[in-house]
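Here are my notes for your read-through. Please keep the structure open while you go through the points.

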Amino acid sequence: MRKSSSEAVIALGANLSLSASRPRVTLERAIDAISRQGFVIRAISRFFETPCFPAGAGPDYVNAAVVVETDKTPLELLNMLHDVEHEFGRERVQRWGMRTLDLDLICYDDLVLPDAAEYERWRVLPLDAQKQQAPQELILPHPRLQDRAFVLVPMADVAPDWRHPVLGRTVTEMLAELDADEIKAVTPV
């Protein structure tokens, strides 16, 4: 029997102003928009300034994370997040480009989608291939969350004990495995 609701973590990021609103204001407004979509916001991280990824691709980002409770499926949730991005002027023209708003579904309970083999293929994809390829289906958990301080630092504020269903490590443990300089570069706003 399926439980009535699930918890998901959403990573938020912005590095371009929107209608004269700075990225932090955009993230605050995006959290309100997510709430208006019917999601129950369970936790909101602090806001962090983070170096643009990949380096040199644009201005620094403001990043955050939220935990939402939802009765939507992962794909329904993702589609609603894309609707919110569109509302905030997001255009999907360049992979890892500058953005008015980026909403990433990082995890949904302990689901692995579409299956363990496909998840693993995306998790170990070399960086050069990551720049050129994007999955055509939802991959959960996010295949590179364990590699990115700009995701793990905010996530540690709201879900430090979430355990990666494939790697078997908590957010706190994955964060501790990152290079200290990467972590220091993610600074509270």
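1. A working definition comes first. Buried means under 20% relative accessible area, exposed means over 50%, and partly exposed lies in between. Asp157 has 33% relative accessibility, so it counts as partly exposed. Keep in mind throughout that this is a predicted model.

2. Overall build. The protein chain has seven helices and six strands. Read from the N terminus, the order is β-α-β-β-β-α-β-α-α-α-α-α-β. The radius of gyration is 16 Å, close to the 16 Å that the globule rule gives for 189 residues, so the chain is as compact as a globular protein of that length. Along the principal axes, the C-alpha atoms fill a box of roughly 50 × 35 × 30 Å. Of the 189 residues, 45% count as buried.

3. Salt bridges. The count comes to eight. Three of them are taken up in the next points, including the one made by Asp157.

4. Arg46 and Asp157. Their closest N and O atoms are 2.9 Å apart, and the two form a salt bridge. The pair links distant parts of the chain, 111 residues apart. Arg46 sits in the loop between β2 (40-44) and β3 (48-50), while Asp157 belongs to helix α5 (residues 149-158). Arg46 is partly exposed, at 45% relative accessible area. Asp157, at 33%, is partly exposed as well.

5. Arg24 and Glu28. The closest N and O atoms are 3.0 Å apart. Glu28 is partly exposed, with a relative accessible area of 34%. Arg24 is partly exposed too, with 32%.

6. Aromatic pairs. How many aromatic pairs does the structure hold? The number is zero.

7. Helix α3 (residues 116-123). Which residues of this helix are buried? They are Glu118, Tyr119 and Trp122. Seen down the axis of α3, the buried residues fall within an arc of 105 degrees, so they line one face of the helix. Ala116 and Ala117, on the other side of α3, are exposed. At the start of the helix, a side-chain oxygen of Asp115 comes to within 3.1 Å of the backbone nitrogen of Ala117.

8. A charged pair in α3. Glu118 is buried, yet it forms a salt bridge with Arg121. The closest N and O atoms of this pair are 3.2 Å apart. The two residues are three apart in helix α3, so they are separated by about one helical turn. Arg121, at 40% relative accessibility, counts as partly exposed.

9. Asn63. This residue lies in strand β4 (residues 61-70). Is Asn63 buried or exposed? Its relative accessibility is 6%, below the 20% cut-off, so Asn63 counts as buried. One is the backbone oxygen of Leu12, reached at 3.2 Å. Another is the side chain of Thr50, joined to that of Asn63 by a polar contact of 2.4 Å.

10. Places to look. For a link between distant parts of the chain, go to Arg46 and Asp157. For a buried polar side chain, go to Asn63, with its contacts to Leu12 and Thr50. For a helix with a buried face, go to α3.

Terms used: Residues numbered from 1 in each chain as written. Predicted model: local features only at pLDDT ≥ 70, side-chain atom pairs only at ≥ 80, totals over all residues. Heavy atoms only, no water. Buried < 20%, exposed > 50% of the residue type's maximum accessible area, 1.4 Å probe, protein only. Helix = DSSP H or I, 4+ residues; strand = E, 2+ residues; numbered from the N terminus. Arc of directions from axis to C-beta. Polar contact = N/O pair within 3.5 Å; in protein donor to acceptor, adjacent residues only side chain to side chain. Salt bridge = Lys/Arg side-chain N within 4 Å of Asp/Glu carboxyl O. Phe/Tyr/Trp six-rings, centres within 6.5 Å; stacked < 30°, edge-to-face > 60°. Rg over C-alpha atoms; globule rule 2.2 N^0.38 Å.
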